Amino acid sequence: MTDLNAVPARKPARPHFSSGPCAKPPGYSPAKLATECLGRSHRAKIGKLRLGYAIDLMREVLQLPDTHRIGIVPGSDTGAFEMAMWTMLGARGVTTLAWESFGEGWVTDAVKQLKLDPTVIRADYGQLPDLTQVDWSTDVLFTWNGTTSGVRVPNADWIAADREGLSFADATSAVFAYDIDWSKIDVATFSWQKVLGGEGGHGVLILGPRAVERLETYTPAWPLPKVFRLVSKGKLTEGIFRGETINTPSMLAVEDAIFALEWAKGLGGLEGLKARSDANAAALGKIVAERDWLGHLAIEEASRSKTSVCLTVEGADADFIKAFAALLEKHDAAYDVAGYRDAPAGLRIWCGATVDTQDIEDLGPWLDWAYATVKAG
Ligand SMILES: Cc1ncc(COP(=O)(O)O)c(C=O)c1O
């Protein structure tokens, strides 16, 4: 029996388990950020240098091949993904995959805003749809790691190498945590506040050669706002991929991302980041396995997220989870661990690289205590 009067002796040192914005890198302090470029034009030499450096670091840490361009765009991950949808879709049929809230958001965009009549392939929370059903003569939209269900694609094997359509991956909770076969990806997007623990604000857009070809040969029927325009006089605006942003970026957010990327590089880059998030997910998996009242929302282990891990709690409804999360927050033991509002009631614990494994381990006894306390009413 858990003694309700005795809170666990040890607290997670950094109780930051939010699935976005996520924990800052260990050792982070705003005082450590470079500030020379602040208060200057982002088009001055120093601004361009820092934007270009952030792009180079992202390429290096992601192990992105030279075939793919990478640029900083407005509007966070949503901005980057919608920019890709609005500029490239409509040239051929479209398939949208959805197994949680964010994938469902791209379905809504395709159906209600762009009025594209896509083929929609869905699965319930906790499951992946049958990926073998996908018709690769169409453009295909999917979320690599569904942040609100904790279900991800296990790999890129299901993406046809000889596809005629383009693959669009919302990879915001996936990059820097999994191996991505870039030869299978025509468009990918993410934002800095997830696995890097950066600041919100900007999106990152990755384009493979076939996406560039689409942009240069196809003009959508609908109007494009300036912040979505990637092409000028029929040619890709290459400057965007060198740090000449479409509009004014937050150089503070850029410096913050540089801090995180330098930290990542110091860990050994992608391998170091993956090792940290794998260890976190394993530590949380052990906590779940040892408790019969906790379970994984993602049924199959092969498609279970190693970043946004979503858990079921026996007998819990939305009010129970609210009380549970509030109790942990009150004790500074865990912040922001309630599942997403549209997902089945449960917990969501971020296991990305910026979280320390010891903090996940220290969370276990707090989950027991909070569960027993809320259950006792
Ligand atoms: C899979 C996924 N897509 C899109 C978003 C929206 O991201 P942003 O707020 O960066 O636009 C999120 C945010 O959590 C997400 O997890």
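Residues are numbered from 1 along each chain as its sequence is written, and side-chain values use heavy atoms, with hydrogens and water left out. Because the model is predicted, local features need pLDDT of at least 70 and side-chain atom pairs count only at pLDDT 80 or more, while totals for chains, interfaces and linings use all residues.

Helices here are DSSP runs (H or I, at least four residues) numbered from the N terminus. Helix H8 (residues 357-376) packs with helix H6 (residues 270-289) at an angle of about 15 degrees, the axes lying 9 Å apart; axes are lines fitted to C-alpha atoms over the stretch in contact, and angles run from 0 to 180 degrees between N-to-C directions. H6 is therefore roughly parallel to H8, a term for angles under 35 degrees. The crossing of H6 and H8 is right-handed, meaning that the near helix is turned clockwise from the far one by less than a right angle, with anticlockwise giving left-handed. In contact (heavy atoms within 4.5 Å) are Arg 276, Ala 279, Asn 280, Ala 283, Leu 284 and Ile 287 of H6 with Thr 357, Ile 360, Glu 361, Gly 364 and Leu 367 of H8. By class, this contact of H6 with H8 holds six nonpolar, three polar and two charged residues, where Ala, Val, Leu, Ile, Met, Phe, Trp, Tyr, Cys and Pro count as nonpolar, Asp, Glu, Lys and Arg as charged, and the others, Gly among them, as polar.

H8 also packs with helix H7 (residues 318-330), at an angle of about 130 degrees and with the axes 9 Å apart. H7 passes H8 in a right-handed crossing. The H7 side of the contact includes Phe 320 and Phe 324, and the H8 side includes Trp 366 and Trp 369. The contact of H7 with H8 comprises 11 nonpolar residues, one polar and one charged.

Five charged residues join 11 nonpolar and one polar in the contact of H1 with H5.

As for the cysteines, the model has zero disulfides, counted as pairs of cysteine sulfur atoms within 2.5 Å. Cys 351 is in no disulfide, and the nearest cysteine sulfur, that of Cys 310, is 10 Å away. Cys 351 is buried at 0% relative accessibility, and Cys 37 is buried at 2% (buried is under 20% relative accessible area, exposed over 50%, partly exposed in between; 1.4 Å probe, protein chains only).

How values were computed: Helix = DSSP H or I, 4+ residues; strand = E, 2+ residues; numbered from the N terminus. Parallel < 35°, antiparallel > 145°, perpendicular 65-115°, else oblique.
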